[in-house]
Amino acid sequence: MKYDIKQKKDAMQKRYVTSNRHTIQVDYVDYMDELAIQMGVKPNIWSLLLTDPKLAKEAFFGPCTPYQYRLTGPGKWSGARQAIFTQWDRALKPTRTRVITYNLNQSSVPVLVKLLGLIILLAAWYFYTF
């Protein structure tokens, strides 16, 4: 155990900047997986693939959230599956705080620019062909 701790500290010192402000830095997914293995809650993607392929795809390709560590083992939560499927909804909801209405009576400048461009193209085509 002490050897493992020393090995991880050495790897962190090589990878991250030594600073008073940045005291603990780890790779989130690797750290969470290591803790999950020690606690016996890391989901087995292969067994999920056989029993629930849709959940396996979402757990493997989706973001690493704590919900996936609540699928099995101690602290199992029956709502973890549904939470994994709806995690993108909860992530995007704060970014959609106001409804934008599109006014069809906005300025017609872009339409006029397109119309002018079309007229210029037709005039150029007319003068070069005749």
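This is a predicted model: local features need pLDDT of at least 70, side-chain atom pairs count only at pLDDT 80 or more; totals for chains, interfaces and linings use all residues.
Side chains of opposite charge can pair when their charged atoms come close.

Glu 34 is partly exposed, with a relative accessible area of 27%.

Another salt bridge joins the side chains of Arg 15 and Asp 27, with 2.7 Å from N to O. Here Arg 15 belongs to helix 1 and Asp 27 to the loop between helix 1 and helix 2, so the pair ties together parts that are 12 residues apart in sequence. Arg 15 counts as exposed at 56% relative accessibility, whereas Asp 27, at 29%, counts as partly exposed. Through shared partners, salt bridges join Asp 4, Lys 8 and Glu 34 into one network.

Helix 2, which spans residues 28-39, also contains Asp 33. This residue is buried yet has no salt bridge, and the nearest side chain of opposite charge, that of Lys 42, is 4.0 Å away. What Asp 33 does have is a polar contact of 2.6 Å between its side chain and that of Tyr 69. When neighbours within four places in sequence are left aside, Asp 33 is in contact with Lys 42 and Tyr 69.

Lys 42 itself is placed in the loop between helix 2 and helix 3, the latter formed by residues 45-51, and it is partly exposed, with a relative accessible area of 37%. Not counting residues up to four places away in sequence, Lys 42 touches Asp 33, Ala 36, Ile 37, Tyr 69 and Thr 72.

In soluble globular proteins, nonpolar side chains tend to be buried together. The largest nonpolar core of this model has 6 residues, namely Leu 48, Leu 55, Ala 56, Leu 71, Ala 80 and Ile 84. Helix 4 (53-61) and helix 5 (80-85) are the elements that give two or more residues to this core. Leu 55, one of its members, touches Leu 48, Leu 71, Arg 81, Ile 84 and Phe 85, again without residues up to four places away in sequence.

The aromatic rings complete the picture, with a count of 3 aromatic pairs. Phe 60 and Phe 61 form an edge-to-face pair, 5.0 Å centre to centre with 90° between the planes, and both of these residues are exposed. The rings of Tyr 67 and Trp 77 have their centres 6.3 Å apart and their planes at 40°, so this pair is tilted. Both Tyr 67 and Trp 77 lie in the loop between helix 4 and helix 5, so their pairing ties together parts that are 10 residues apart in sequence. Tyr 67 is partly exposed, with a relative accessible area of 25%, and Trp 77 is partly exposed at 37%.

Conventions:
Residues are numbered from 1 along each chain as its sequence is written. Side-chain values use heavy atoms; hydrogens and water are left out. Helices (H or I, at least four residues) and strands (E, at least two) are DSSP runs, numbered from the N terminus. Buried means under 20% relative accessible area, exposed over 50%, partly exposed in between (1.4 Å probe, protein chains only). Lys and Arg count as positive and Asp and Glu as negative; His and the chain ends are not counted. A polar contact is a pair of N or O atoms within 3.5 Å; within protein, one must be able to donate a hydrogen and the other to accept it, and residues adjacent in sequence count only if both atoms are side-chain atoms. Contact means heavy atoms within 4.5 Å. A nonpolar core is a set of buried Ala, Val, Leu, Ile, Met, Phe, Trp, Tyr and Cys residues joined through side-chain atoms within 4.5 Å. Rings of Phe, Tyr and Trp (its six-membered ring) pair if their centres lie within 6.5 Å; planes under 30 degrees apart count as stacked, over 60 as edge-to-face and the rest as tilted.
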